[in-house]
Amino acid sequence: MLEKTAAIFDVIERGAASPAEIAEATGISRGTVFRLAAAMARLGLVAHEGGRITLGPRIAQLAAAGDGVPSANVWADRLVALRDETGAFAVRLHQLHSPATRVCIAEVLDCHAPQRSQLGILAPLRADPVTLTFLTWQSSRPGGAGVSAAVPYRADTLARTRRRGWAQGFGGRDNCVAIVAAPVLDRRRRVVAVLEISGPVAVLTDTPGRTHGRSLIAVASESDVISECLYRRGAPVPGAPTQTVSSLHLLTTTRRTG
């Protein structure tokens, strides 16, 4: 199986190729190409672009690690910069896993923060800024997969959140943790993820949305962040198992400096 995987890399290192082209070039059956490509995609070793298979982001990360050079992921760098700009303990990207659950697909943690990693962990939807953001921007999608009705919000709350472009809230013991969330929208203005920052009220202030909302919107609107979220959502390869949470492959925990 390793030989077949290497043969696939031999083809796509010269450029993106369709499963049929890979099968013809390698002599591997098309079904085996589908299965191997799906497994490689879950590890970030390949990516799917318009029905063609190309090298995935994990390859650049591994190459950079081998050279002792930090990997150049612009979108991840923006999350790190947002954490350092706001003073947040955590910056996270969330996607819906089902109408009743969500999953953290990427996060940047302050190494000194008392927060546990949520990367790849399925969590039930609850009344909080992340869920409110999903619901606000999905409420205008007729026929789209939506958030469970078990998490109700008033129509005026949804309208106010849409006007602002962000949602805020507080959690933790004595509401000492401030949370701000903003939507990551594709070209059709459909929500593909939610960007969240969280940290102590003493740092993010007691009006965290007003203080940091514009910064979240700016990062969530960047093409590199949108592209990464679209990739993480994962278009299934025809004939191969649909991507699941096991496709997660990146955790950034860079220490804040300065």
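Q: Which residues of helix α1 are buried?

A: The model is a predicted one. In helix α1, which spans residues 2-12, the buried positions are Thr5, Ala7, Ile8, Val11 and Ile12.

Q: Which exposed residues does the face of α1 turned away from its buried side carry?

A: That face carries Leu2 and Glu3, both exposed.

Q: How many salt bridges does a search of the whole structure find?

A: The general idea is that side chains of opposite charge can pair when their charged atoms come close. In this structure, the search finds 8 salt bridges.

Q: Are Glu107 and Arg92 buried or exposed?

A: Both Glu107 and Arg92 are buried.

Q: With which side chain does Arg102 meet in a salt bridge?

A: Arg102 meets Asp128, at 3.0 Å from N to O. Here too the pair links distant parts of the chain: Arg102 belongs to strand β4, Asp128 to the loop between β5 (122-124) and α6 (129-138), and the two are 26 residues apart.

Q: Why does Asp128 count as buried?

A: Buried means under 20% relative accessible area. Asp128 counts as buried because its relative accessibility is 13%. Arg102, with a relative accessible area of 3%, is therefore buried as well.

Q: What is the distance between the closest N and O atoms of Asp156 and Arg154, and how exposed is each residue?

A: The closest N and O atoms of this salt bridge are 3.1 Å apart. Asp156 is partly exposed, with a relative accessible area of 35%, whereas Arg154 is exposed, at 58%. Elsewhere, salt bridges that share partners join Arg102, Arg126 and Asp128 into one network.

Q: Which residues form a positive surface patch?

A: The patch is formed by Arg160, Arg163, Arg164 and Arg210. Helix α7 (residues 155-164) gives the most to the positive patch, with 3 residues. Arg163 has its place in helix α7 and counts as exposed because its relative accessibility is 66%.

Note on methods:
Residues are numbered from 1 along each chain as its sequence is written. This is a predicted model: local features need pLDDT of at least 70, side-chain atom pairs count only at pLDDT 80 or more; totals for chains, interfaces and linings use all residues. Side-chain values use heavy atoms; hydrogens and water are left out. Patches are made of residues with over 30% relative accessible area and no salt bridge: like charges are joined within 9 Å, nonpolar side chains (Val, Leu, Ile, Met, Phe, Trp, Tyr) within 5 Å. Accessible areas come from the Shrake-Rupley method with a 1.4 Å probe; for residues, only the protein chains shown count as cover. A salt bridge is a side-chain nitrogen of Lys or Arg within 4 Å of a carboxyl oxygen of Asp or Glu. Lys and Arg count as positive and Asp and Glu as negative; His and the chain ends are not counted. The place of a charge is taken as NZ of Lys, CZ of Arg, CG of Asp or CD of Glu. Helices (H or I, at least four residues) and strands (E, at least two) are DSSP runs, numbered from the N terminus. Buried means under 20% relative accessible area, exposed over 50%, partly exposed in between (1.4 Å probe, protein chains only).
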